[in-house]
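Dear colleague,

Please find the structure we discussed directly below. I would be grateful if you would look through it before reading my notes.

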Amino acid sequence: MLTVWGRETSSNVQAVMWGIAEMGLEVRRIDLGGRFGGLDDPEFRKMNPMGLVPVLKDGDGPALFESAAILRYLADRYGGTAFRAEDPMARAEADAWAEWAKHSLVRAFNEPVFWAFWRVPEGERDMDAVRAAVRRFEAMLQIAAGRIAPGGYIAGDGPGLADLWVGHTLYRYFTLDLVRDPPAGIEAYYDRLVRRPGYAAHVMVDYGELKGVWGRGHWGG
Ligand SMILES: N[C@@H](CCC(=O)N[C@@H](CS)C(=O)NCC(=O)O)C(=O)O
């Protein structure tokens with residue numbers, strides 16, 4: 001049985017929970033972080049010295065932190081060839097897109113768009129900077145769109161690791177009150193995602209509690 005520690009409004013928790021759902025695994029999630037606190041509890045720090053969510057335990061195994069490492073472990077152990085190609089080169093290719101999605105594309109959205117818009121009180125927002133960041137994010141989305149086959153996903157016929165990172169960001173991108181110009185194919189891709197039960201359950205989560213709340217110690221991510 002899998003256990004995940006982390007509040008449902010954490011974007012990194014969402015990616016992990018959605019991945020778990022796509023792999024058809026059972027999980028219990030324990031609320032932690034944000035308004036639930038608990039990140040500085042010594043017992044939690046033993047599991048993640050960084051004091052951040054998510055943390056995963058698989059049965060009696062060691063506690064794992066860092067969402068990308070968690071997802072890679074789950075993909076290796078439970079994801080089958082849909083999540084982890086057998087061929088090392090095909091696996092590395094998929095990893096390259098997943099790394100880029102988490103560390104470049106998601107980063108281009110989280111702080112400069114989501115935080116700068118949603119987490120800054122309305123009168124204090126630098127909207128020129130937010131608009132410029134949306135355009136930069138969309139330029140990156142265009143690169144991702146080039147990988148998505150009609151009716152499919154970045155990973156192929158079904159979602160893979162890169163889709164978890166790109167996809168979980170799109171819910172906030174498409175629901176924030178911002179002017180958007182999504183690249184061709186991205187809206188149709190998002191429509192496919194919202195029809196997936198795991199995406200609806202774990203990513204399409206009301207983020208109202210994050211409004212006007214900024215940074216770590218102010219609930220990063
Ligand atoms: N690189 C880490 C980042 C983890 C992280 O920043 N977690 C945020 C939530 S997304 C957090 O714990 N914020 C403090 C809080 O929720 O109180 C990962 O990918 O797991």
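Predicted model: local features only at pLDDT ≥ 70, side-chain atom pairs only at ≥ 80, totals over all residues.

Residues are numbered from 1 along each chain as its sequence is written.

The protein chain is divided into domain 1 (2–81) and domain 2 (86–210); such bounds come from an automatic or database domain assignment. The centres of the two domains, taken over C-alpha atoms, are separated by 20 Å. Across the boundary, 15 residues of domain 1 are in contact with 18 residues of domain 2, contact meaning that the C-beta atoms of two residues, placed from the backbone, lie within 7 Å. Helix 1 and helix 3 (67–78) each supply at least two residues of the side of domain 1 that touches domain 2. Helix 1 gives the most to that side, with eight residues. Helices (H or I, at least four residues) and strands (E, at least two) are DSSP runs, numbered from the N terminus.

Turning to the sheet, four strands form an open sheet in the order 2-1-3-4, with mixed pairing; two strands pair if DSSP finds at least two bridges between them. Strand 2 and strand 4 (64–65) are the edge strands, each pairing on one side only. Strand 1 (residues 2–5) pairs with strand 2 (residues 27–30) in the parallel sense over four bridges. The chain passes from strand 1 through helix 1 (residues 11–22) to strand 2 in a right-handed β-α-β crossover, that is, with the strands pointing away from the viewer, the path from the first strand over the helix to the second runs clockwise. Strand 1 also runs antiparallel to strand 3 (residues 55–58), joined by four bridges. Trp5 stands opposite Ile30 in strand 2, and its bridge partner in strand 3 is Val55. Val55 in turn stands opposite Phe65 in strand 4.

Finally, helix 6. Its buried residues are Val130, Ala133, Val134, Phe137, Leu141 and Ala144, whereas Asp128, Arg135 and Ala139 on the other side are exposed. A residue is buried if 20 or more other C-beta atoms, placed from the backbone, lie within 10 Å of its own, exposed if 12 or fewer, and partly exposed in between. What covers the buried residues of helix 6 includes helix 5 (88–118), helix 7 (161–175) and helix 8 (186–194).

Yours sincerely
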